Structures are given as C-alpha cells and as structure tokens.
Amino acid sequence: MGSSCAPSYANLLLGWWEATVVFGEVQETELEHVALWSRFIDNIFVLWSGTEDAFHSFVAKLNVNILNLRFTSVIVKDDLPFLDVTIKKGRSGNLETSIFRKTTATNSLLWWESCHPRSLKRGIPVGQYLRIRRNCPEPEEFKRQANTLRQRFRERGYPDRVLRRAYQRALNTSRTALLHPIPRMKEKSGMITRLIGSFNSSASEVREIIGRHWGTLLIDPDLRDTLSERPAITFRRGTNLKDHLVHSHFVLPKAENNKWLGPLLKGVLDAVTVVSVNLSLPASPSWTTQATLTTSGVSLTCDKGVEPFDSFARWWPYAP
C-alpha cells in the first residue's frame, strides 16, 4: 500500500466509516441480511442472507458517501478467494479454507544459498508449513498443499532435512493453538549486553570468536560489572546488490573552475590583464611593480628584482 503508515491510516478511516456509516446510517432492514461482516484493511468479507438484488442495492448505497470511497463486489455460492485463502462450503455445511495463489504468482522464496543468517533460512519453511496447517483444516488438503510447498522449496535449493523437520513440526502442532495469537514473552530481567553489526559471510566466525573470548572479558574487574554473562549478538541487514544498483553514483561532470577568485562577477574580465601600479608599502620604499592578474592567481614582478608579496597581500583583498 505504498508507505509503511498507509495501512494504519486505512484502518483508521475505514474503522470510522464502519462505525458512522455502515452501522450508523444504513437502515436496519438492510443490516438484518448481513450474517457476517469481517474486514482486513480495505478487504471486506460478507455473508449475505438476502436476495442478490438487495445486495447490489446495499453496495450501491455504500458507494454514495462524501469520502469518495468506491466498493466493488464479487458474489459466489461455492468458493471465494479472499486474501491468501480460498473460502468454500464444506461437506457438512461449514466454511472451510485452503491456500489461494494467484495464477500470476511466481516462486519468490528466498534462495537457500543467499547471504542470510542460517537460522533465518531454516525458519522460513517452518513458518510456511505452519501457515498451511492453520489454513487447511482437512488432513488431505494439508498434505496436498504441503507437497506443493515442498516442490517450491526444492526449486530454491532447500535441503530435504530442513523441509522434513519443518513439516513434522507443523504436523505435530495443534491447529486450534495456531488459530489464537501467541502471547508475548515477558522480557528477561537483568542486564543484557547486545552486540549489533551488519551481516556478512563471516558472521558465524565472528559469533564463534566472540563466544570463545567472552570469558576473558569477564575476568577484567572493570568490565565484570558492566557486561552480561553471555552477549546477545544481533545482525542488521547488510548491503546487497540492490543497494548498489538503485542508488547510482553517476554524476554529470562539472565544468572545471580553476579560478581561485571564485566565479567571475559582472564587470570582471575572464582574461589575462596586465596593469602597472605604484605601491607604497609600509616600512618599505616606493615600489614600481607590475601585477599580472591571471585566472590562476596574481604574479608580481618588481623592477628591483624583489617580490614584496607579503606586504602586497596585506592590502590586496583578493590575494590567495
């Protein structure tokens, strides 16, 4: 949805719209046909118990608003794709879900040989198999979707042992537990020394070196009360190829400017000018000096063979 704050603004606007328009101004005769109203940001799932003409009239009334909101509708009786799931009517009359993928979807899973932490790459199959377990209540559908997912991971170079471990974890997890949000873990009490760095191919070696010599730091009496027993090592994203390609360092060449006086002002000639001046320098005799103004500086030639530049610089306002 563009910027990171766009979903929050959309939720605030549509939440206010629901409270004041849908459940406020709409007549109760139309709301009584709404058996279920669920919204995710700007996608709304509705179970309608009335006629199809009444539903089109309901949508047309919602489209008349001062916020310039426009809604389109899709009416199905068997199955409906909503977000990343397919909602359909089961054999017993209950609603069942399965995984939905667009026909234009590509295999964009992270490549196994990519320069990412190994723990992150092992966790991607776990999250994807748990997602299938949560969205596929029927065991047969879960196995079918898991087999499709396994082929997609194999195409991206994931080893079988990682996929088997992720599949078994999802299979042994209760689906009821996956339908409820995981409570946040309480923060550990005590001081934690956190080391943060950019991830690279030597990250595992850096972690091993720090762990091997951390005890040496704890022996120091000045650091003993400052450092924790074990460090928490965290890696931020490193520079990748996209960073080098998107941000171009190409700069148009600028015209070379060798004028130490700076850009030429109006009335100043961009040429060599030879002038003869009579200088009366403090504590010095009268010098008859020829000053040559060039684009690179000022050169003085004294008729007595001496260059009184130090004294000349004290009164010449443009001396380098």
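A residue is called buried when its relative accessible area is under 20%, exposed when it is over 50%, and partly exposed in between. Leu-83, in this predicted model, therefore counts as partly exposed, because its relative accessibility is 41%. The residue lies in the loop between β3 and β4, and its phi is near 60°, a positive value in a residue other than glycine. That deserves a second look, because most residues other than glycine have a negative phi.

If residues up to four places away in sequence are not counted, Arg-70 touches Asn-63 and Asn-65. Between Arg-70 and Ala-60, which are ten residues apart in sequence, the distance in space is 9.2 Å from C-alpha to C-alpha.

Among the contacts that join residues at least 6 apart in sequence, 49% are between residues at least 24 apart.

Asn-11 sits in helix α1 and is partly exposed, with a relative accessible area of 35%. Leaving aside neighbours within four places in sequence, Asn-11 is in contact with Arg-39 and Ile-41. The C-alpha atoms of Asn-11 and Arg-39 are separated by 9.5 Å, although the two residues are 28 residues apart along the chain. Arg-237, in turn, is found in the loop between β7 (231-236) and α9 (241-246), where it counts as exposed at 57% relative accessibility. Arg-237 and Cys-115 are 122 residues apart in sequence, yet their C-alpha atoms are 10.0 Å apart in space.

The next topic is empty space. Rolling a probe the size of a water molecule over the atoms shows where such space is left. In this model, the largest pocket holds about 1200 Å³ of space. Its lining is made up of 38 residues, and those closest to the centre of the pocket are Ile-44, Val-46, Phe-55, Val-74 and Leu-80.

Which elements supply at least two residues each to the lining of the largest pocket? They are α1 (6-22), β2 (43-48), α3 (52-62), β3 (79-82) and β4 (85-89). Strand β2 gives the most to this lining, with six residues. Sorted by class, the lining contains 25 nonpolar residues, together with eight charged and five polar ones.

The cysteines close the account. A disulfide is a covalent bond between the sulfur atoms of two cysteines, and the number of disulfides in this structure is zero. Cys-5 is partly exposed, because its relative accessibility of 36% falls between the limits of 20% and 50%. Cys-136, by contrast, is buried, because its relative accessible area of 0% is under 20%.

Key:
Residues are numbered from 1 along each chain as its sequence is written. This is a predicted model: local features need pLDDT of at least 70, side-chain atom pairs count only at pLDDT 80 or more; totals for chains, interfaces and linings use all residues. Side-chain values use heavy atoms; hydrogens and water are left out. On a 1 Å grid over the protein atoms alone, a cavity is a set of points where a 1.4 Å probe fits but cannot get out, and a pocket is an open set with protein on both sides within 12 Å along at least five of seven lines; lining residues have an atom within 4 Å of a point. Grid points are joined across faces, edges and corners, and a volume is the space filled by probe spheres set on the points. Helices (H or I, at least four residues) and strands (E, at least two) are DSSP runs, numbered from the N terminus. Ala, Val, Leu, Ile, Met, Phe, Trp, Tyr, Cys and Pro count as nonpolar, Asp, Glu, Lys and Arg as charged, and the others, Gly among them, as polar. A disulfide is a pair of cysteine sulfur atoms within 2.5 Å. Buried means under 20% relative accessible area, exposed over 50%, partly exposed in between (1.4 Å probe, protein chains only). Contact means heavy atoms within 4.5 Å.
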